Amino acid sequence: MTNDYDDIINLPHYEPKHHPRMSMWNRAAQFAPFAALTGYDAAIQESGRLTDDWVGLSESGNVEMNHKMELIVSMLPEHPSVTIEYFVPDEHKAGGSYQSYTGNVKRIDELEKCIEFTDGKKVPLDAIRDIKIE
């Protein structure tokens, strides 16, 4: 039984002599989706990103925070180790996020209104939500 293509079925694949083969990268790029709106995906992700609102301290929270700050001031020569939870405003939209930082307090700068740590990190006093002295 003879098929129509028996004479060419075992021939090697044709390689052009004057044109090099296209790389797999370039070949794949031909079939990539067309991005008509550049930056659209980033805009969608940004609008879907959640932020927290700043929740100020209550009156009793302010009193407790003042006691903790007085304790830290009394321990400053020892560079006490503290964990601070503070609010960082978002640069692109309303709100922000709460972050936590642990370090040794170097000083409390009343001029800049911040706590400075021994590694140079500064946290604004008005952004602090909680302090844990270790």
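# Overview of a predicted single-chain model

Among contacts in the chain between residues at least 6 apart in sequence, 54% join residues at least 24 apart, where contact means heavy atoms within 4.5 Å. This is a predicted model, in which local features need pLDDT of at least 70, side-chain atom pairs count only at pLDDT 80 or more, and totals for chains, interfaces and linings use all residues. Residues are numbered from 1 along each chain as its sequence is written, and side-chain values use heavy atoms, with hydrogens and water left out.

## The chain as a whole

The chain holds three helices and five strands. Their order from the N terminus is α-α-α-β-β-β-β-β. Helices (H or I, at least four residues) and strands (E, at least two) are DSSP runs, numbered from the N terminus. The chain is more spread out than a compact globule, because its radius of gyration is 32 Å, well over the 14 Å that the globule rule gives for 134 residues. That radius is taken over C-alpha atoms, and the globule rule is 2.2 Å times the number of residues to the power 0.38. Along its principal axes, the C-alpha trace spans about 100 × 35 × 30 Å.

Of the 134 residues, 22% count as buried. Buried means under 20% relative accessible area, exposed over 50%, and partly exposed in between (1.4 Å probe, protein chains only). The accessible surface of the chain is about 10900 Å², and 56% of this surface belongs to carbon and sulfur atoms. Areas come from the Shrake-Rupley method with a 1.4 Å probe; for residues, only the protein chains shown count as cover.

The chain carries 13 positive and 23 negative side chains, and the centres of the two sets lie 4 Å apart. Lys and Arg count as positive and Asp and Glu as negative, while His and the chain ends are not counted. Each charge is placed at NZ of Lys, CZ of Arg, CG of Asp or CD of Glu.

## Two residues in one loop

D90 lies in the loop between β1 (81-89) and β2 (96-109). K93 also lies in the loop between β1 and β2. The table gives the contacts of each residue, leaving aside neighbours within four places in sequence.

| Residue | Relative accessible area | Contacts |
|---|---|---|
| K93 | 27%, partly exposed | E46, S47, R49 and T51 |

A polar atom of the D90 side chain lies 2.7 Å from the backbone nitrogen of H92. K93 and E46 are 47 residues apart in sequence, and their C-alpha atoms are 9.0 Å apart in space.

Definitions and conventions: A polar contact is a pair of N or O atoms within 3.5 Å; within protein, one must be able to donate a hydrogen and the other to accept it, and residues adjacent in sequence count only if both atoms are side-chain atoms.
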